2 protein chains.
Amino acid sequence: MELTFLGTGAGLPSKERNVSAIALSLLQEINHIWLFDCGEATQHQILRTSIKPRKINKIFITHLHGDHIFGLPGLLSSRSFQGGDDLLTVYGPVGIKEYIETSLRLSCSHLAYPLSIVEIDEGKIIEEENFQVFAKKLDHVIPSYGFRIIEKDKIGELLVQKLMDNGIMPGPIYKQIKENAMIQTEDGKNLNQKDFIGPSKKGRVVSILGDTRYHEEHHGFIKNSDVLVHEATFEDDKSEMAADYYHSTTTQAANLAKTGNVSQLVLTHISSRYQDDDSQQLLKEACEIFPNTSIAADFYKLTIEHKA
Amino acid sequence: MELTFLGTGAGLPSKERNVSAIALSLLQEINHIWLFDCGEATQHQILRTSIKPRKINKIFITHLHGDHIFGLPGLLSSRSFQGGDDLLTVYGPVGIKEYIETSLRLSCSHLAYPLSIVEIDEGKIIEEENFQVFAKKLDHVIPSYGFRIIEKDKIGELLVQKLMDNGIMPGPIYKQIKENAMIQTEDGKNLNQKDFIGPSKKGRVVSILGDTRYHEEHHGFIKNSDVLVHEATFEDDKSEMAADYYHSTTTQAANLAKTGNVSQLVLTHISSRYQDDDSQQLLKEACEIFPNTSIAADFYKLTIEHKA
Ligand SMILES: [Zn+2]
Ligand SMILES: [Zn+2]
């Protein structure tokens, strides 16, 4: 699992930060990449990474503001020319279907792959073998969602040496042990799975929230995440402005990370009023509340390890 | 008059060439900039020039393919935040209105300036004090237009010294001479305007064509242009492919420039199959037919002088 921040600015593209998009690489896990938001020129940003558009099989749109969707028609069209012929599913608020279908129809863009568009509501939106995704409505000027991506726990490794020490040699029985809590050997011995399986591998949790005002009650949704990606459009002392514009400050995001007991916080969606020099100050005020914070820049990458 | 090529590639953005957009600066003439096509990330390209989006008051769309329009909603939205409050008019084929209105409505983008959208047909589409613009339907897989921008001729300068030598001193009479072919002085002398006005300044003509197959009969439309901007998606020996995909080759564009007796040809909309190294070959084959040819690159600028 690896996050690549493709656009980390708010509202408008600037020379330093493009508008919103984040890639979650699940190449090692399921050989796919998931994209969160797709502001204008996301496909251009992707050209400067090793991401292959055909590997993107899900796109999640937090909300319909232009800085989160105007790159979608271009990316969808271009993917046809980049060897993409697998199903691509776009998840987003009501309206996303009309937006995509109108753009593709009027531009006479014919996709070379099947496209599915799912207009979401709160709750579980994906249940697959390895992952679940939940959506929650946040508090923005238009409907805006957060996504909680949950990797399912994986059963531990077979303790082969211990099995052999107990006279249980490799064979079909190993598979039986992996799949059953208790089995009986041919000679009538009962084997407890837990005695011969190492510690299970806890799945990772990533929470990516769209534009939102700060609300303490969001902490239930992001609770215990390995990584929380949260907007921080404004600095600490602009909390009134943040409320007026339905955005959050650095310290509000840090407070949520702390209350929600997450392991790591990444701030993004930074207003263009802040230059590179200001980043240190933004980071400092967040770290005073939640030390394990970073501020994303375009092309910033973060590998999400399993907890020890 | 100055052309700035903001995107010179075909179909898809590449690292070298963005998708189509050309700015025609008329800052010296009328304090405005006109944009021709607006592929995705045109606003990003503009960030790297001295062009101020609020100075753009007309956008001409040749056709609705994504590589020519997907930057429009973003540019229109961003212009609101860049001090743009003057009327902006978009001219384009039928469908452009639905595309823009749907994108702005669903993304809840509220423009801070009046926007007018004109769905065009062939013929004269603009008649202003200093400029006329004509549109012509070309031959592409969907309706695609060419634009002929005509600067009106300007009356010459008053020959002040000659007037004074003839005893006609500065005063309201100078204005009368500028505005009338013949006037009578207070003491009954007839004055012919042409005797006291220097040579008139011939207006410049720029023809910018959208994606099209080559047709010799297009030469009437682009005739005697100071500059012809023509697509050259393919090299000379790919004329069959060009016809199949409704595009043109380098040498077809050069032939049109020659038949149309233009002063200068600029090739753009270059397929991404051609790398930087190939440009010399593309240029060479065009120059053999029409020597005053150049191949546009992103950010290539061309000042259009008055003919001597
Ligand atoms: Zn936003
Ligand atoms: Zn094109």
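**From a hairpin to the interface**

Author: B:Gly123 stands opposite B:Ala135 in β8(B). That puts us in an antiparallel pair, where β7 (residues 123-127) and β8 (residues 131-137) of chain B share 4 bridges; strands count as paired if DSSP finds at least two bridges between them. A hairpin of 3 residues links β7(B) to β8(B). Strands here are DSSP E runs of at least two residues, and helices are H or I runs of at least four, numbered from the N terminus.

Some housekeeping before we move on. This is a predicted model, so local features need pLDDT of at least 70 and side-chain atom pairs count only at pLDDT 80 or more, while totals for chains, interfaces and linings use all residues. Residues are numbered from 1 along each chain as its sequence is written, chains are lettered from A and ligands numbered from 1 in the order written, and side-chain values use heavy atoms, leaving out hydrogens and water.

Now for where the two chains meet. With contact taken as heavy atoms within 4.5 Å, 35 residues of chain B touch 35 residues of chain A. Between them the chains bury about 2,800 Å², 64% of it on carbon and sulfur atoms; that is the accessible area (1.4 Å probe) lost when the two parts are put together, summed over both. On chain B's side, B:Glu40, B:Phe70 and B:Leu106 lose the most area to chain A, together 23% of what that side buries.

There are 2 salt bridges between chain B and chain A, meaning a Lys or Arg side-chain nitrogen within 4 Å of an Asp or Glu carboxyl oxygen. B:Arg105 meets A:Glu98 at 2.6 Å, N to O. B:Glu98 meets A:Arg105, with 2.6 Å from N to O. This second pair runs from helix α5 of chain B to helix α5 (residues 96-106) of chain A. Over all chains, the salt-bridge count is 30.

As for helices, α2 (42-47), α3 (66-69), α4 (72-80) and α5 (96-106) of chain B each supply at least two residues to the side that touches chain A. α5(B) gives the most, with 6 residues. By class, that side has 14 nonpolar, 16 polar and 5 charged residues, where Ala, Val, Leu, Ile, Met, Phe, Trp, Tyr, Cys and Pro are nonpolar, Asp, Glu, Lys and Arg are charged, and the others, Gly among them, are polar.
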